[in-house]
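Keep the sequence and the 3D view open while reading.

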2 protein chains.
Amino acid sequence: CLVLEVLLLTSLSSAAKNYVITEGQGSLTVQINDVTVLNHTLQSPAFYVGQGRTVFVEALGNFHVRNYIQEKIALRRFSNVQKTNTSDVYNFTDGGIYTVQVTFETKLDQDLVVSFNKVGHNYTHTWVVLAASPSDKIYGGGEQFTHLNLRERTYNSLEFFSSLRSDDLTYPIWTREQGVGRDKRTNTTFFADLQTGGGGDFATTYFPQPTFLTSRKYYFHFTSTSYMVFDFSLPTFHQVFINGDFGDIYFKSSPSFQPLVGNLSSLFGRMPKLPPWVYDGIIMGVQGGTDVMMKRYQQAKAEGVNIRGLWIQDWSGIIRTSFGQRVFWNWQWNATRYPDLDKKIKELKQDGVRVTVYMNPNLNNQGPLFKEAEKNDYLVKNRTGQTYLFNFGEFFCGIVDLTNGAAYNWYKDQIKRNIIDLGIGGWMADFGEYLPVDARLNGGSGAMFHNHWPVLWAKLNREAVQESGKEGEVVFWMRAGHTGTSNFTTLMWLGDQNVDWSEGDGLPSVVPSALSSGLCGIGMTHIDIGLYTTFGALGLKRSAELLLRSAEMAVFSPVMRTHEGNQPGYNVQMYSSVTILRLFKRLVDQHKALSNYTSVAMDDYVTSGLPLQRPLFLMYPGDKKTFDIKYQYLYGADILVAPVIHPNVVKKDVYLPNDKWIYLWNKTDMNPGMVTVNAPIGLPPVFVRKDSSFRDDIVSLADYKYIPFDPSPPNNVSNDSSFVDILSSVILVAFCTLFALRSTGL
Amino acid sequence: CLVLEVLLLTSLSSAAKNYVITEGQGSLTVQINDVTVLNHTLQSPAFYVGQGRTVFVEALGNFHVRNYIQEKIALRRFSNVQKTNTSDVYNFTDGGIYTVQVTFETKLDQDLVVSFNKVGHNYTHTWVVLAASPSDKIYGGGEQFTHLNLRERTYNSLEFFSSLRSDDLTYPIWTREQGVGRDKRTNTTFFADLQTGGGGDFATTYFPQPTFLTSRKYYFHFTSTSYMVFDFSLPTFHQVFINGDFGDIYFKSSPSFQPLVGNLSSLFGRMPKLPPWVYDGIIMGVQGGTDVMMKRYQQAKAEGVNIRGLWIQDWSGIIRTSFGQRVFWNWQWNATRYPDLDKKIKELKQDGVRVTVYMNPNLNNQGPLFKEAEKNDYLVKNRTGQTYLFNFGEFFCGIVDLTNGAAYNWYKDQIKRNIIDLGIGGWMADFGEYLPVDARLNGGSGAMFHNHWPVLWAKLNREAVQESGKEGEVVFWMRAGHTGTSNFTTLMWLGDQNVDWSEGDGLPSVVPSALSSGLCGIGMTHIDIGLYTTFGALGLKRSAELLLRSAEMAVFSPVMRTHEGNQPGYNVQMYSSVTILRLFKRLVDQHKALSNYTSVAMDDYVTSGLPLQRPLFLMYPGDKKTFDIKYQYLYGADILVAPVIHPNVVKKDVYLPNDKWIYLWNKTDMNPGMVTVNAPIGLPPVFVRKDSSFRDDIVSLADYKYIPFDPSPPNNVSNDSSFVDILSSVILVAFCTLFALRSTGL
């Protein structure tokens with residue numbers, strides 16, 4: 001059972017019953033603070049059990065899961081077994097062979113904890129049906145890129161009926177590659193799907209978490225790390241499918257959202273405050289060896305850009321494959337590619353600049369670390385007891401077995417010795433989603449540990465920092481996660497978007513992902529400025545506009561860090577021209593000017609659990625219009641940001657909730673409601689609460705001289721409509737015509 | 001309840017019990033002739049019932065069906081209720097609220113008829129689990145284009161694990177558009193799917209029928225016309241899902257396949273023998289008015305092509321839409337487009353040539369027939385009681401309500417008066433698959449009648465022929481069907497293939513579709529020579545090679561009929577050149593030379609039920625190698641055909657079962673087993689049984705002088721790799737590279 005240890009860290013205060021159970025004729029209703037959370041009737045039972053088989057097919061971190069359900073049986077009958085001051089125990093049964101004992105209890109600082117015991121015949125699958133109203137909205141679910149309200153997509157939605165292709169409406173809880181495209185209606189997704197099922201869908205994510213907040217101001221959290229599927233698409237109930245160990249369900253209600261979010265983050269553990277170097281300047285992603293690194297740094301410095309970190313992915317060396325240059329996954333300084341790195345680290349530190357690197361839980365089988373790990377039996381095994389060699393594309397890796405204490409400590413030592421002792425300031429702790437279900441670990445099977453794996457990976461990294469005495473100084477950033485990640489990680493980044501403007505996998509998707517993560521305990525996230533996935537030959541390449549729009553959004557987030565993308569040569573980079581460096585200088589200076597404000601917002605998160613980027617409804621729960629706003633957010637308590645997430649935007653409509661607002665760039669007062677403002681590159685719609693105690697600090701951002709920038713038209717054109725899109729449109733139009741002809745007999 | 005009347009036509013001979021029921025500890029086994037057909041145990045129960053919702057979303061005859069199963073309950077317990085000489089009645093129950101009474105009985109010339117009665121609580125969905133062995137093969141299912149053995153595609157097949165996109169392995173019984181592409185792995189299917197879900201899949205078909213023959217030499221047939229889903233993908237059982245009325249299950253076993261096929265076709269009713277004019281020459285598809293029709297005819301006649309019919313789709317006139325020219329769906333002679341058609345019909349008849357036309361069950365709302373039908377309340381209604389106007393692409397149609405006696409007779413009269421009385425020799429009776437589930441009919445709902453609709457449509461056409469006294473003279477051909485179609489239709493055609501070589505929807509697909517139809521009672525099918533779906537602008541156009549390969553295949557089928565395709569101008573046509581006309585002359589002469597043989601094969605079908613095109617295993621049940629051969633067939637009892645279904649073929653491997661064979665084209669003896677023969681255009685691999693009483697007739701086909709034909713290389717290239725394919729390949733390769741990069745962190 002993988003119920004997380006972190007759950008035990010919370011106060012074990014025992015309370016009176018905070019829930020009410022009402023029994024009727026064949027029915028049983030459970031309420032917390034007058035909200036019905038469970039409504040069991042003969043017609044709509046609350047619990048089902050069944051037999052079936054859940055098959056996981058994996059290709060490169062993309063899981064295709066098929067649930068073959070042979071039997072799904074309602075447990076209609078119930079009887080009270082026990083009743084105490086703080087708990088009620090019931091047996092639910094089908095009257096035949098299946099009985100489940102359900103305990104309702106107020107404990108662990110929750111209003112209600114529901115736990116399960118199999119009493120009768122064994123079963124493989126369980127379903128829980130939670131009460132719902134058609135108008136309820138659901139938020140959370142970990143990091144969700146497409147939806148903020150997870151009930152946007154329902155059986156009755158136009159989208160379902162108009163698109164015959166995307167018929168899955170559910171949210172699986174299974175950590176995996178988030179997908180390239182993430183929208184079954186797009187051609188990018190189709191082509192990524194063809195080879196390895198790599199296209200993903202609206203609900204695929206690196207960081208799913210079975211934690212949900214509802215617009216009726218209560219949350220439910222499932223403690224299990226099993227594979228689950230949440231179905232919020234039905235009007236009058238939510239259905240939760242669980243394959244494997246069930247765990248408990250936590251419910252808590254409140255008159256307001258903020259205590260709920262605070263309570264959740266205290267339950268899961270909160271991330272520590274970041275050290276100032278991470279947020280009072282920018283971390284610049286560069287590659288190519290010591291000379292290139294220093295050259296890029298000097299270029300940026302010459303233009304006055306406040307560099308506080310350099311990020312070199314390729315510090316451990318490179319290999320060549322038919323796909324081009326790749327990092328050598330052996331986490332040791334490669335002195336051939338980076339001569340004198342140790343000296344440069346010291347020099348740069350004196351200049352106020354940290355060098356940061358890259359690592360992940362896998363080891364290339366051509367490297368010395370793999371060999372050492374294999375010799376010591378530290379690697380995950382396959383079905384036949386041999387080292388599990390995972391094909392990452394023309395090279396094979398072993399996976400360090402984090403459930404083996406000796407292996408865990410050895411890998412932690414590698415981080416301490418090879419990275420921290422070298423004077424490195426931080427690293428991207430990549431991956432964590434790929435653990436194959438058929439792997440054999442010291443602690444059990446891959447299937448058992450799959451969702452918990454990124455949490456173990458976070459824990460290992462954090463302990464390496466702590467045991468080196470570098471807590472509050474060294475920072476690592478991750479993408480994969482599950483319940484408990486927030487207790488260990490120092491920073492999250494929002495994964496690998498396409499360098500485009502698509503809703504499913506481009507710039508828009510980073511906004512709901514930051515907000516949903518924030519509701520689930522993750523206080524601080526940041527983006528790859530410029531985004532990541534590039535395919536230049538097909539026109540999927542980064543424009544200056546995309547780079548600058550993402551950078552101006554990052555100003556209003558805890559961390560600014562650039563990524564060159566997977567094909568740097570095709571992308572416009574921060575260092576591509578003096579003009580762009582100067583535009584970055586202004587943005588980084590603004591970010592630095594907010595560092596006081598950011599620092600206080602982080603303190604606020606550490607004490608109250610409110611994330612730095614917040615959906616509007618969290619702060620304005622009385623305003624129902626805010627409940628569906630997914631592309632605006634509050635940065636801290638006082639700054640409202642409506643980032644520009646589409647190309648060619650010159651004006652933008654923004655919704656201001658009921659408060660006194662100042663439009664940042666001309667410092668004028670604004671009335672609440674819908675407003676329209678100009679939004680050229682460099683001046684995204686940003687508003688400040690007039691009553692903010694940081695008002696003067698914040699509005700001073702307007703004093704940084706605005707530098708107009710008009711991305712050249714050819715640049716624009718090539719990016720707005722990539723070759724793929726144009727091509728696809730042509731084919732599409734043609735086929736629609738074809739289809740119409742075909743369907744009509746002549 | 002839509003149990004078909006035709007079932008009552010069969011002999012009602014009452015017999016002793018032809019099945020054995022064995023009860024064990026919690027188990028019940030049912031056998032017929034030592035074959036276990038039902039194996040009920042506690043672990044694997046035979047019956048399930050449940051609650052759920054089945055949603056049909058339709059776009060232009062493409063149905064997207066989602067089964068939302070809220071509950072699926074095994075009926076584990078059973079008790080005997082009654083036992084007679086010919087029957088056993090059992091109650092199966094979950095021990096709770098659901099009970100189903102199951103009657104096992106020998107009657108209606110079946111070994112076993114299983115029928116169901118709800119005794120307990122009502123339910124919406126039923127599942128039956130039939131016994132199976134991993135090696136069992138399943139044939140039939142109506143017209144199946146992709147598979148002959150419906151268990152080719154299983155959970156354990158490489159295809160399932162290698163393609164993460166096609167995860168449905170089941171066969172729905174729901175008449176619909178067969179789809180453009182019919183293979184989720186192809187780009188054609190993807191693009192057709194995008195707009196209206198029109199791509200289809202391997203199991204979508206105009207003519208599904210819940211009738212299955214197994215390699216263990218028994219059949220099972222479900223009499224219901226409800227929506228069902230057959231799952232043959234599991235190793236040890238078959239699962240059948242039924243939404244709605246259950247009907248009965250018929251089982252019959254035999255030591256050989258032929259009596260089973262004969263019994264099935266006698267159960268469903270057999271098609272009548274075709275009149276000679278249909279099979280002793282060719283029916284040529286032409287369009288464009290009287291002059292064009294006559295010109296094409298004279299061209300063909302001048303080259304000596306034995307024309308016996310002309311097929312003019314556009315006889316009722318045309319309309320113009322943004323998609324181009326379309327037929328005016330108002331089934332009356334359009335004398336503007338076809339002046340003097342009445343006179344030409346007479347002239348041509350004296351020349352031995354019949355004119356044939358086109359119609360379907362829908363009426364364009366701009367036409368006089370629609371207006372008359374609406375005035376008389378003959379049209380199907382929508383939910384609000386108004387005329388159901390179905391959008392067929394810039395024009396709207398009413399649907400004649402075939403469940404309304406007056407409407408039915410009126411429409412039949414239109415056929416008699418407007419078509420038969422005009423002297424027309426036959427017609428394509430198109431459509432029958434589109435009946436919307438939300439339609440309101442005189443007899444009930446669209447959902448109830450959807451699958452039965454094409455049978456009513458066939459019945460109406462046949463009665464028009466019979467009541468006109470033209471039985472055995474006038475012939476109509478259909479594509480849509482369900483159980484009972486064979487009792488009414490005069491001829492089937494195999495639907496609308498793409499003018500390409502694709503397995504899912506090109507030339508190969510017509511072979512399994514002919515064979516599976518034949519096993520389900522349909523004795524005679526034919527193809528559109530040249531196939532149909534064209535999209536010239538994208539390179540999807542018919543080559544001379546495809547035209548000729550399909551024509552040489554049609555020689556060995558009852559009927560040769562050409563189709564110009566939906567974009568005639570892009571396609572190579574029979575009349576495109578003198579060269580091609582001469583090649584056709586030879587093929588048509590060969591077909592005519594077989595007319596004696598064909599006539600006897602039809603007699604054979606009418607008396608014994610064996611179809612004209614037969615899978616090899618039907619005639620050679622002792623040879624297990626034949627069980628998986630889907631692209632060869634026997635034409636009648638004595639001709640083995642291995643049609644060329646791929647481009648650029650010069651040689652071909654053929655499997656000859658254990659018999660004495662003569663290779664047709666050089667009249668030499670061949671040993672059974674694998675043989676390789678040359679297969680240039682015009683000389684497809686064809687073999688004759690040496691013991692055939694028609695041997696001399698058949699081998700005389702070799703005496704028609706072979707005319708070599710080498711399709712010009714440019715023609716070839718443009719067709720083998722269409723623009724879509726080339727384009728897609730480029731994008732695909734690019735994205736695979738992209739994906740590999742994306743998945744690896746750099």
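Contact here means heavy atoms within 4.5 Å. Axes are lines fitted to C-alpha atoms, for helices over the stretch in contact, and angles run from 0 to 180 degrees between N-to-C directions. Helices (H or I, at least four residues) and strands (E, at least two) are DSSP runs, numbered from the N terminus.

This is a predicted model, in which local features need pLDDT of at least 70 and side-chain atom pairs count only at pLDDT 80 or more, while totals for chains, interfaces and linings use all residues. Residues are numbered from 1 along each chain as its sequence is written, chains are lettered from A and ligands numbered from 1 in the order in which they are written, and side-chain values use heavy atoms, leaving out hydrogens and water.

**Sheet in chain A**
- Eight strands of chain A form an open, antiparallel sheet in the order 8-9-10-11-19-16-15-13; two strands pair if DSSP finds at least two bridges between them.
- Strand 8 (77–83) and strand 13 (138–142) of chain A are the edges, each pairing on one side only.
- From one strand to the next, the twist averages 20°.
- Strand 15 (residues 208–214) and strand 16 (residues 218–222) of chain A run antiparallel and share three bridges.
- In this pair, A:Leu213 faces A:Tyr219 of strand 16.

**Helices across the sheet**
- Helix 12 (residues 510–519) of chain A lies across strand 13 and strand 15, at about 85° to strand 13.

**Helix 7 of chain B**
- Helix 7 (residues 368–375) of chain B has B:Leu369, B:Phe370 and B:Ala373 as its buried residues (buried: under 20% relative accessible area, with a 1.4 Å probe and protein chains only).
- These residues lie on the same side of helix 7 of chain B because they cover an arc of only 100° around the axis, taken from the directions from the helix axis to the C-beta atoms.
- They pack against strand 23 (362–364), strand 25 (396–399) and helix 8 (405–420) of chain B.
- B:Asp377 follows helix 7 of chain B and has a positive phi, near 65°.

**Strand 27 of chain B**
- In strand 27 (residues 475–478) of chain B, B:Val475 and B:Trp477 are buried on one side, and B:Phe476 and B:Met478 are buried on the other.
- In a regular strand, side chains alternate between the two faces of the sheet.
- Four bridges link strand 27 to strand 26 (residues 426–429) of chain B, and the two run parallel.

Conventions:
Buried means under 20% relative accessible area, exposed over 50%, partly exposed in between (1.4 Å probe, protein chains only).
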